[in-house]
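Here is a short briefing to read alongside your sequence and structure. Shall we take a look at the core and at how some helices pack?

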Amino acid sequence: MQPIYILSLIAIYFCVLLTIAYFTGKNDSNDTFFKANKKSPWYVVAFGMIGASLSGVTFISVPGWVQSSQFSYMQIVIGYLFGYFVIAYVLIPIYYNLKVTSIYEFLKHRFGPVTHKTGAFFFFISRVLGSSFRLFLVASVLQYFIFDAWHIPFELTVIFSILLIWIYTFKGGIKTIVWTDTLQTLFMLIAVFATIFIIINKLNWSVADIFASSEFDKFSKIIFTDDFNDKKHLIKSFLGGMFIAIAMTGLDQDMMQKNLTCKNTKEAQWNVISLGLVLIAVNFVFLTLGALLFIYAEKFGIAIPTSDGTIKTDLLYPEIALNGDLGITIGIVFVLGLIAAAYSSADSALTSLTTSFCIDFLDIENKEQSKQKAIRKKTHIAISILLVIVIVIFKYVLKENVISSVLQVASYTYGPLLGLFAFGIFTKINIKDKFVWLIALMAVVLTYFLNSYSAILFNGYIFGYELLIVNGFITFIGLLTIKKTNS
């Protein structure tokens with residue numbers, strides 16, 4: 001597929017997004033930008049959150065992960081569902097009862113201003129890194145298949161990507177995103193199902209033939225219980241997935257900001273539970289696609305792409321879709337699916353980061369009414385520039401599969417949030433607020449040390465995604481050391 005055709009598709013797609021943004025951004029108020037005026041239908045939010053939860057990382061990187069990890073990711077996804085129940089029946093009622101705009105305001109109510117800003121800081125770092133990972137992946141694909149042909153530098157590709165997001169979110173904010181995410185989720189799901197259909201036709205298979213084939217068996221192992229030291233072990237993956245969902249969704253302003261636009265607690269709970277159920281099926285479909293991609297590549301002699309001398313399984317899906325002799329249709333649906341998956345996560349991240357910084361750090365709600373909108377808009381621009389810088393840095397330092405990198409970073413950055421919220425919800429202990437930032441920082445350092453030397457310290461044990469739980473537990477114990485004593 002020629003680069004000019006891909007670029008034309010992207011241009012058409014963004015014209016549609018801009019049309020939605022025009023109608024949803026007419027009321028250019030902070031209440032619309034931050035809360036969507038509390039009028040979002042729960043089912044629209046739930047459907048749109050599928051795309052936001054999956055993102056471009058799932059769209060490309062999860063299928064590419066199948067070669068090394070088979071279907072072990074399903075163990076994590078099942079854990080997600082149990083995490084969503086905790087979010088629905090523990091966290092959401094708290095957020096709605098407090099009527100917060102930023103969920104980290106809970107920490108201010110419970111402990112004080114330092115804890116509030118500590119929680120917001122860790123979210124800010126988490127979301128900047130996580131969103132940059134996702135956008136880096138998409139920018140890399142655009143660079144590899146479009147802009148390299150025109151000798152355009154990667155840095156300009158990144159600026160172009162962020163600029164497009166900024167254009168359609170700078171007025172409507174979360175209200176725009178609730179509706180654009182719905183469209184983007186639809187495109188993403190159409191793309192993955194269409195790709196599977198086209199590939200099995202090329203292989204002369206039916207849907208039943210996929211699961212009966214010996215080729216599929218090589219990739220389809222889900223349950224891993226042989227070696228507890230293996231990071232893919234069932235218990236470690238399930239618990240890791242459960243707490244990743246609690247932290248990366250329930251304690252994440254990006255994901256919760258959409259939930260908080262629902263009319264009431266009950267609708268927000270329906271949204272979260274339905275999301276968890278749907279994600280099990282959708283992730284299984286993505287893993288099935290991954291197996292088919294590797295089967296197709298082996299059968300037709302397609303090499304896994306390399307970048308800077310490193311094999312990149314993340315690029316196999318775009319390679320087959322755009323250069324795999326499967327016809328123009330798969331190229332079109334892939335491009336639309338990729339852009340939809342990527343930007344459904346990235347646009348909400350830009351908005352949530354703007355929201356968190358304005359509410360948690362700039363205390364915008366206590367500023368002069370006449371200045372609030374200008375502060376929000378300047379912050380939106382500054383966050384956009386920050387994302388560009390971080391993504392460009394990733395080009396020179398990121399070596400691993402992106403989905404693996406996202407979950408690994410989350411274990412460090414979301415751990416203190418997990419510990420802080422757990423302590424605040426499940427204890428009534430008061431703490432010395434001014435020392436909380438130090439406890440959170442020490443928890444990250446100690447977690448890094450344990451992860452780095454776990455094989456030596458624990459007889460060959462390798463941490464998986466349960467490292468997040470360890471980090472949260474260390475934070476929880478650390479908070480006990482700064483509890484206030486009765487005088």
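Predicted model: local features only at pLDDT ≥ 70, side-chain atom pairs only at ≥ 80, totals over all residues.

Residues are numbered from 1 along each chain as its sequence is written, and side-chain values use heavy atoms, with hydrogens and water left out.

**The nonpolar core**

- The largest nonpolar core holds 145 residues, and F59, Y95 and F334 have the most contacts inside it.
- A nonpolar core here is a set of buried Ala, Val, Leu, Ile, Met, Phe, Trp, Tyr and Cys residues joined through side-chain atoms within 4.5 Å.
- Buried means under 20% relative accessible area, exposed over 50% and partly exposed in between, with a 1.4 Å probe and protein chains only.
- Helix α13 (residues 265-299) supplies the largest share of this core, 17 residues; helices are DSSP runs of H or I with at least four residues, numbered from the N terminus.
- Beyond its neighbours within four places in sequence, F334 is in contact (heavy atoms within 4.5 Å) with F59, I60, V141, Y317, P318, A321 and L322.

**Helices α19 and α21**

- Helix α19 (residues 436-452) packs on helix α21 (residues 467-480) at an angle of about 140°, with the axes 9 Å apart.
- That angle makes α19 oblique to α21, since angles under 35 degrees count as roughly parallel, over 145 as roughly antiparallel, 65 to 115 as roughly perpendicular and the rest as oblique.
- Axes are lines fitted to C-alpha atoms, for helices over the stretch in contact, and angles run from 0 to 180 degrees between N-to-C directions.
- On the α19 side, the residues that meet α21 include V436, I439 and A443; on the α21 side they include L467, V470 and N471.

- T115 lies in helix α6 (residues 113-145) and counts as buried because its relative accessibility is 0%.
- Apart from neighbours within four places in sequence, T115 touches L107, L420, D433 and V436.
- Helix α6 packs against helix α18 (residues 415-426) at about 145°, with axes 9 Å apart.
- T115, T118, G119, F122 and F123 of α6 make this contact with P416, L417 and L420 of α18.

**I165 in helix α7**

- I165 sits in helix α7 (residues 154-169) and is buried, with a relative accessible area of 2%.
- The C-alpha atoms of I165 and L17 are 9.6 Å apart, although 148 residues separate the two along the chain.

How values were computed: Helix = DSSP H or I, 4+ residues; strand = E, 2+ residues; numbered from the N terminus.
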